[in-house]
Amino acid sequence: MSQTSSRDQHDASDAGDNHSPAPITVMLSSRLMVLANLLKRGAILRYKRLAGLSSVEFGLVASLGRRPPMSVARLAEAVGQDKGQISRALAELVSRRLIAKSANPKDSREVLVSLTPAGLAAHDVIVEGAQERNRMLLEQLSKDELETLLAQIDRLTATAEAMLEAEKVAR
């Protein structure tokens with residue numbers, strides 16, 4: 001039988017206190033970021049497994065979707081990165097014949113990108129996977145809970161956008 005002294009019990013309770021969450025981690029924004037990061041990490045693993053695409057690559061394929069060809073600048077804007085950041089991923093997708101490049105008929109200096117048939121197949125895998133992940137995530141919510149959640153997310157998003165704009169002005 002093992003016996004613990006009052007000193008050992010005191011040390012154990014102190015150790016427990018050291019493991020309480022940091023104040024910032026219980027804030028709504030931190031909790032939402034944790035959720036978003038978990039969802040993103042799961043998506044990256046899924047799309048790598050299903051379509052052999054990195055996170056940047058699946059973002060490009062998903063953004064191109066079943067749309068008309070778009071400029072590299074517009075695509076960079078759609079994924080929230082600059083043209084330099086996506087150029088390596090575009091080159092890889094072109095070499096794998098998932099994306100085709102062409103000159104803009106209205107401005108030959110501008111390059112347009114679009115999905116090839118193989119790229120469209122990869123896009124469809126991404127969409128199907130996203131729909132399945134969405135179903136799995138939301139199946140535990142009732143219709144009313146989902147409607148309330150989405151309305152709250154919309155309100156929080158609008159507030160976050162206003163906060164961002166205020167920070168830009170405060171520079």
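**Helix packing, surface and fold**

Author: In this predicted model, the axes of helix H3 (residues 55-64) and helix H5 (residues 83-95) cross at roughly 75° and come within 9 Å.

Reader: Why are H3 and H5 called roughly perpendicular to each other?

Author: Angles of 65 to 115 degrees count as roughly perpendicular. The crossing angle is roughly 75°, and H3 and H5 are therefore roughly perpendicular to each other. On the H3 side the contact is made by Val56, Glu57, Leu60 and Val61, and on the H5 side by Ile86, Ala89, Leu90, Glu92 and Leu93.

Reader: What makes H4 parallel or perpendicular to H5?

Author: Helix H4 (residues 72-79) packs against H5 at an angle of about 105°, the axes being 9 Å apart. That makes H4 roughly perpendicular to H5, since the range for this term is 65 to 115 degrees. Here Val72, Ala73, Leu75, Ala76 and Val79 of H4 meet Lys83, Ile86 and Leu90 of H5.

Reader: What is noted about the phi of Arg97, and how do you know whether Arg97 is buried or exposed?

Author: Arg97 lies in the loop between H5 and strand E2 (99-104). Its phi is near 60°, a positive value in a residue other than glycine. Exposed means over 50% relative accessible area; Arg97 has 65% and is therefore exposed.

Reader: Which residues form the nonpolar patch on the surface?

Author: The patch consists of Leu28, Leu32, Leu35, Leu39, Leu137 and Leu156, which together have about 480 Å² of accessible area. Helix H2 (residues 28-51) supplies the largest share, 4 residues.

Reader: Why is Leu28 called partly exposed?

Author: Leu28 is in helix H2. The term covers values between the buried limit of 20% and the exposed limit of 50%. Leu28 has 47% relative accessibility and so counts as partly exposed.

Reader: Which elements make up the secondary structure of the chain, and in what order do they run?

Author: The protein chain has 7 helices and 3 strands. From the N terminus on, the order is α-α-α-β-α-α-β-β-α-α. Among contacts with a separation of 6 or more, 51% involve residues 24 or more positions apart.

Terms used:
Residues numbered from 1 in each chain as written. Predicted model: local features only at pLDDT ≥ 70, side-chain atom pairs only at ≥ 80, totals over all residues. Heavy atoms only, no water. Patch = residues over 30% accessible without salt bridge, like charges linked within 9 Å, V, L, I, M, F, W, Y side chains within 5 Å. Areas by Shrake-Rupley, 256 points an atom, 1.4 Å probe, with all protein chains shown as cover. Salt bridge = Lys/Arg side-chain N within 4 Å of Asp/Glu carboxyl O. Helix = DSSP H or I, 4+ residues; strand = E, 2+ residues; numbered from the N terminus. Buried < 20%, exposed > 50% of the residue type's maximum accessible area, 1.4 Å probe, protein only. Axes fitted to C-alpha atoms, helices over the stretch in contact; angles between N-to-C directions. Parallel < 35°, antiparallel > 145°, perpendicular 65-115°, else oblique. Contact = heavy atoms within 4.5 Å.
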